[in-house]
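Open the model in your viewer, switch to a cartoon view, and keep the selection panel handy. We will take a short walk through it, one selection at a time.

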Amino acid sequence: MGALADAAGKDTVDPGSSPASAVAGAGSGVVLAARGLSKLYGVFRAVWSVDLDIHENDIHVFIGPNGAGKSTVLNLLGGQILPTSGEVYFDGRSLGRTTPSWRARAGIGRSFQLTSIVPGFTCLENVLLAVQARRGLFGLLRLHSRDEDVAMAEELLDLVGLRGVASVPADLLAHGQQRQLEIAAALAGRPRVLLLDEPSSGMSAHERAGLGGLLRKIVKSATIVMAEHDVHLVRTVATRVTAFSEGRKVAEGTSDEVFDSAEVKRVFLRGRRDA
Ligand SMILES: Nc1ncnc2c1ncn2[C@@H]1O[C@H](COP(=O)(O)OP(=O)(O)OP(=O)(O)O)[C@@H](O)[C@H]1O
Ligand SMILES: [Mg+2]
């Protein structure tokens with residue numbers, strides 16, 4: 001088992017260490033990559049033969065109409081689902097059939113909508129749980145939190161703009177604030193790559209504007225890969241955009257390049273007619 005697997009702990013599926021698996025992206029600034037990634041449900045191609053290179057410290061945004069395959073690709077990168085064929089590479093090494101928790105320990109974090117928030121616990125307690133979870137079972141069982149864990153949790157609440165509601169039960173927060181809290185909890189694992197699925201969903205216009213600023217702060221320490229429908233947010237934060245349609249990658253580049261591409265215009269216009 002290689003250094004990557006050692007760093008992530010022992011309860012793993014070997015991600016593969018043969019020379020053949022060590023290809024995509026090693027040493028080129030590419031932190032996460034996919035080659036020939038496909039996910040079939042029966043004969044339905046939810047994701048079909050996708051190649052991706054996610055560069056370190058990019059805000060890489062997936063766009064596309066409903067059902068295009070954006071969430072499925074995020075789930076394939078995070079290990080929530082396994083591909084029918086193809087590979088995902090982290091730091092140039094195949095992740096094989098590794099689990100989401102293995103990938104999280106290796107540095108691929110994921111914000112899980114509301115499932116990561118414990119109702120009845122305050123915002124601070126929620127982030128504290130995530131900070132201590134990073135330390136393993138010992139951290140969860142500790143009766144008294146170490147000061148440094150509390151300090152880190154407070155720092156994360158500060159970062160996402162929730163320090164003022166640290167003692168408010170998480171389930172009393174507005175939906176947009178809960179999404180900010182999820183991001184704080186995901187950051188407690190100190191991910192190198194953070195996967196976010198439509199972080200702006202359910203947010204007010206004001207909260208969306210704040211989210212753009214938050215993403216730019218986060219990207220100083222982590223690469224962000226996110227699916228997003230809000231075109232304004234995509235145009236203001238994305239450093240790279242991949243457009244999907246019917247499970248396939250149809251365009252990639254800067255947001256201007258992608259939104260100006262004839263294929264993307266065609267796909268979005270068709271999506272609007274279908275709606
Ligand atoms: N478990 C599943 N079984 C069968 N089909 C599935 C399953 N999960 C997803 N799909 C289908 O795969 C396609 C891609 O879904 P996905 O959720 O990735 O799209 P999306 O781009 O994230 O869409 P949205 O913008 O609505 O979130 C859709 O047609 C969806 O119905
Ligand atoms: Mg989706």
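Start by selecting helix 4 and helix 7 of this predicted model: the crossing of helix 4 past helix 7 is right-handed. For the selection itself, take residues 123-134 for helix 4 and residues 175-187 for helix 7. The two helices pack with their axes 8 Å apart, at an angle of about 30 degrees. Angles under 35 degrees count as roughly parallel, and therefore helix 4 and helix 7 are roughly parallel to each other.

Now show side chains where these helices meet. On helix 4, pick Cys123, Asn126, Val127 and Ala130; on helix 7, their counterparts in the contact are Leu181, Ala184 and Ala185.

In what order do the six strands of the open sheet run? Follow them across as 6-7-8-3-9-10, and note that the pairing is mixed. To find the edges, select 108-110 for strand 6 and 248-253 for strand 10; each of these edge strands pairs on one side only. Turn the view to look along the sheet, where the twist from one strand to the next averages 20 degrees.

Finally, zoom in on strand 6 beside strand 7, residues 193-197. This pair runs in the parallel sense and is joined over three bridges. Select Arg110 to finish: its bridge partner in strand 7 is Leu195.

Conventions. Residues are numbered from 1 along each chain as its sequence is written. Chains are lettered from A and ligands numbered from 1 in the order in which they are written. This is a predicted model: local features need pLDDT of at least 70, side-chain atom pairs count only at pLDDT 80 or more; totals for chains, interfaces and linings use all residues. Two strands pair if DSSP finds at least two bridges between them. Helices (H or I, at least four residues) and strands (E, at least two) are DSSP runs, numbered from the N terminus. Axes are lines fitted to C-alpha atoms, for helices over the stretch in contact, and angles run from 0 to 180 degrees between N-to-C directions. Angles under 35 degrees count as roughly parallel, over 145 as roughly antiparallel, 65 to 115 as roughly perpendicular and the rest as oblique. A crossing is left-handed if the near helix is turned anticlockwise from the far one by less than a right angle, and right-handed if clockwise. Two residues are in contact if their C-beta atoms, placed from the backbone, lie within 7 Å.
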